Amino acid sequence: MILYLMRHAWAGDFGDPRYPDDRQRPLTAEGRKRFIRWLNYLEPADIRPRVIFTSPYVRCRQTADLLAEWLADTHKYSATVISIDELGCGARPRDVWTTTQGHPANALAEDQAWVGHMPDMSSMCGAWLGLSGGGLHFTKGAIAAIRCDPPPQLGQGELLWLASPKMADV
């Protein structure tokens with residue numbers, strides 16, 4: 001199984017008075033465009049999750065939906081997008097793992113993506129790789145690919161790559 005850990009794309013500013021509930025803060029129009037350019041840059045990496053689990057926060061759901069649309073356009077298949085509360089801000093790796101592995105859609109896919117927030121994606125990465133004290137920094141739109149041999153277990157993953165949009169200047 002390949003697990004793609006993703007931080008949401010570029011959203012409006014934290015504290016924007018238009019969104020007193022931060023869970024409702026959306027991606028910006030430029031953030032959406034940048035994320036698609038970023039996915040196009042990463043096309044040779046052959047990102048192909050069949051299931052995309054996402055935080056229910058608007059910016060994460062929009063990022064997951066963009067990924068699903070990109071997969072449909074580029075690779076001609078439909079990925080299932082599923083919001084789970086466990087990927088919201090403050091996500092704990094063990095809780096996310098338990099929920100995703102117990103979800104019926106998990107049986108549909110060898111590869112999956114989890115879309116969330118910082119510092120949660122750093123913690124998720126660290127938990128999969130068995131790093132004590134945290135993980136790696138995820139800029140907005142960053143994606144890590146982690147190989148998890150069956151049966152996948154926290155602490156047993158192998159980091160294949162971690163890529164930041166800054167490397168593509170998008």
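This is a predicted model: local features need pLDDT of at least 70, side-chain atom pairs count only at pLDDT 80 or more; totals for chains, interfaces and linings use all residues.

Colleague: What happens just after H4?

Modeller: Gly130 follows there, with a positive phi of about 75 degrees.

Colleague: Let us turn to H3. Which of its residues are buried?

Modeller: H3 covers residues 93-102, and Pro93, Val96, Trp97 and Thr100 are buried in it. Seen down the axis of H3, these buried residues fall within an arc of 100 degrees, so they line one face of the helix.

Colleague: Why would residues three or four places apart point the same way?

Modeller: An α-helix has 3.6 residues a turn, so residues with that spacing point the same way.

Colleague: What covers the buried residues of H3, then?

Modeller: The cover includes S2, S4 and H4.

Colleague: Which exposed residues are on the face of H3 turned away from the buried side?

Modeller: That face carries Arg94, Thr98 and Gly102, which are exposed.

Colleague: A change of topic: backbone angles. What is the phi of Asp46?

Modeller: The phi of Asp46 is positive, about 60 degrees, although Asp46 is not a glycine. Asp46 belongs to the loop between helix H1 (29-41) and strand S2 (51-54).

Colleague: How accessible is Asp46?

Modeller: Asp46 has a relative accessible area of 38%, and it is partly exposed.

Colleague: And Lys76, what is its phi?

Modeller: Lys76 is another residue other than glycine with a positive phi, near 60 degrees. Its place is in the loop between helix H2 (58-75) and strand S3 (80-83).

Colleague: Is Lys76 buried or exposed?

Modeller: Lys76 counts as exposed, at 65% relative accessibility.

Colleague: Now the whole chain. How many helices and strands are there?

Modeller: The chain has four helices and six strands. From the N terminus on, their order is β-α-β-α-β-α-β-α-β-β. The radius of gyration is 15 Å, close to the 15 Å that the globule rule gives for 170 residues, so the chain is as compact as a globular protein of that length.

Colleague: What does the C-alpha trace span along its principal axes?

Modeller: The trace spans about 45 × 35 × 30 Å.

Colleague: How much of the chain is buried?

Modeller: Of the 170 residues, 51% count as buried.

Colleague: What about contacts between residues at least 24 apart?

Modeller: Such pairs make up 72% of the contacts between residues at least 6 apart in sequence.

Colleague: Lastly, how many positive and negative side chains does the chain have?

Modeller: There are 18 positive and 19 negative side chains, and the centres of the two sets lie 4 Å apart.

Methods:
Residues are numbered from 1 along each chain as its sequence is written. Side-chain values use heavy atoms; hydrogens and water are left out. Helices (H or I, at least four residues) and strands (E, at least two) are DSSP runs, numbered from the N terminus. The radius of gyration is taken over C-alpha atoms; the globule rule is 2.2 Å times the number of residues to the power 0.38. Buried means under 20% relative accessible area, exposed over 50%, partly exposed in between (1.4 Å probe, protein chains only). Contact means heavy atoms within 4.5 Å. Lys and Arg count as positive and Asp and Glu as negative; His and the chain ends are not counted. The place of a charge is taken as NZ of Lys, CZ of Arg, CG of Asp or CD of Glu. The arc is that of the directions from the helix axis to the C-beta atoms.
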